[in-house]
Amino acid sequence: MTEKNVAEHYTHGALVAELEAGIARLGKTIDTVTLDDLAPVDEFHIGGRQASEAFLDQLAIEPDHAVLDVGCGIGGASRFAADRYGTNVDGIDLTDEYVQTGNTISKWVGLDGRITLRQASALSMPFGNDTFDRAYMMHVGMNIADKKALFAEIYRVMKPGGVFGVYDVMRFGGADLTYPVPWAETPETSALAPPDVYRETLEAAGFTITAERNRREFALAFFERMQARVSAAGGPPALGIHLLMGETRVVKVKNMLANIKDGIIAPVEMVATA
Ligand SMILES: C[S@@+](CC[C@H](N)C(=O)[O-])C[C@H]1O[C@@H](n2cnc3c(N)ncnc32)[C@H](O)[C@@H]1O
């Protein structure tokens with residue numbers, strides 16, 4: 001797996017236009033669309049906004065904190081954090097189109113002065129040592145094989161005593177996964193790891209883990225509600241993460257859900273202190 005393969009996997013090609021079309025279907029424009037309207041599409045992780053809220057609330061983010069969103073995607077969680085905790089947020093992501101789209105959306109909702117997204121690898125971030133009070137990473141480690149290097153790099157940019165949260169899909173048991181899934185078409189771009197690898201590599205980097213929570217039941221309930229809404233409406237909503245997942249979106253979600261049900265994967269939160 002190369003970073004180029006990963007960025008290609010996520011690149012849509014015409015994402016701003018796709019979002020503008022979705023906003024029009026909602027009966028809104030880029031001048032009237034709100035953070036809440038965008039939440040179903042700009043939070044690309046299991047549980048969407050609800051998951052972000054439950055996860056980020058554990059990080060005790062204060063308005064004067066320097067906050068980093070590692071693998072920010074199109075920046076939904078960055079905007080949510082900036083809005084909810086009154087803070088500024090820096091985000092980095094490998095996929096250039098996501099970064100450009102994210103910065104465009106921040107302008108639409110008037111948050112561009114407080115959020116800066118840039119293209120970079122989480123393994124080599126354009127920040128000095130001891131820069132951030134808080135950092136978080138949501139559904140990114142599944143594409144990064146070298147967890148040791150990843151957490152060492154995050155530790156480097158965090159201030160001592162800073163708090164870092166991970167919310168990733170993790171591996172359980174040895175059974176084969178069914179692909180494609182939202183983060184990978186094939187096993188070649190998937191780098192799932194079990195919770196003990198996360199714990200060991202976080203601790204090896206210098207972090208102390210203070211909390212861990214398996215979100216399997218939350219994920220299953222979330223998908224059940226989502227499927228009920230889609231069935232009742234006779235199709236997906238105007239704005240949703242299906243817009244980010246390409247032609248194989250239906251099978252990707254179906255496989256992910258089956259993998260969770262089979263106990264092969266689950267989303268897990270970990271909170272750690274630097
Ligand atoms: C499933 S999306 C999650 C995006 C965002 N965190 C969210 O929750 O909405 C995974 C993201 O990880 C990014 N990513 C994967 N590998 C990366 C790396 N080595 N460095 C930075 N970003 C990476 C991808 O470009 C993609 O935007």
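Asn-214 stands opposite Val-268 in strand 7, and Asp-168 also has Val-268 of strand 7 opposite. Strands here are DSSP runs of E with at least two residues, helices are runs of H or I with at least four, and both are numbered from the N terminus. This is a predicted model, in which local features need pLDDT of at least 70 and side-chain atom pairs count only at pLDDT 80 or more, while totals for chains, interfaces and linings use all residues. Residues are numbered from 1 along each chain as its sequence is written.

Two strands pair if DSSP finds at least two bridges between them. The pairings are set out below.

| Strands | Sense | Bridges |
|---|---|---|
| Strand 6 (residues 208-214) and strand 7 | antiparallel | six bridges |
| Strand 5 and strand 7 | antiparallel | nine bridges |
| Strand 4 and strand 5 | parallel | six bridges |
| Strand 1 and strand 4 | parallel | four bridges |

Tyr-136 is a handy landmark: Asp-69 stands opposite Tyr-136 in strand 4, and the bridge partner of Tyr-136 in strand 5 is Gly-165.

How many residues of strand 4 are buried? Seven of its seven are, where buried means that 20 or more other C-beta atoms lie within 10 Å of the residue's own, exposed means 12 or fewer, and partly exposed is in between, with C-beta atoms placed from the backbone. Strand 7 (residues 265-273) is mostly covered too, with eight of its nine residues buried.

Next comes helix 7 (residues 147-157), whose buried residues are Lys-147, Leu-150, Phe-151, Ile-154, Tyr-155 and Val-157. Their cover includes strand 1 (66-70), strand 4 (132-138), strand 5 (158-171) and helix 8 (195-205). Arg-156 also lies in helix 7, but Arg-156 is partly exposed, because 16 other C-beta atoms lie within 10 Å.

Ile-154 leads us to the core. A nonpolar core is a set of buried Ala, Val, Leu, Ile, Met, Phe, Trp, Tyr and Cys residues joined through C-beta atoms within 7 Å. The largest one has 78 residues, and Val-70, Ala-81, Ala-135, Ile-154, Met-158, Phe-164 and Phe-207 touch the most other members. Strand 5 gives the most to this core, with seven residues. Leaving aside residues up to four places away in sequence, Phe-164 touches Ala-135, Tyr-136, Ile-154, Met-158, Phe-207, Ala-272 and Ala-274; a contact has C-beta atoms, placed from the backbone, within 7 Å.

And what surrounds the ligand? Of the 26 residues around the ligand, Phe-44, Gly-71, Gly-73, Thr-95 and Ala-122 come nearest, a residue being near if its C-beta atom, placed from the backbone, lies within 6 Å. Two or more residues of this shell come from each of helix 1 (3-10), helix 5 (76-85) and strand 2 (88-93). Helix 1 gives the most, with four residues. The shell divides into 15 nonpolar, eight polar and three charged residues; Ala, Val, Leu, Ile, Met, Phe, Trp, Tyr, Cys and Pro count as nonpolar, Asp, Glu, Lys and Arg as charged, and the others, Gly among them, as polar.

Stepping back, the chain has 10 helices and seven strands. Its radius of gyration is 17 Å, close to the 19 Å that the globule rule gives for 274 residues, so the chain is as compact as a globular protein of that length. That radius is taken over C-alpha atoms, and the rule is 2.2 Å times the number of residues to the power 0.38. Buried residues make up 45% of the 274 residues in the chain.

Terms used:
Two residues are in contact if their C-beta atoms, placed from the backbone, lie within 7 Å.
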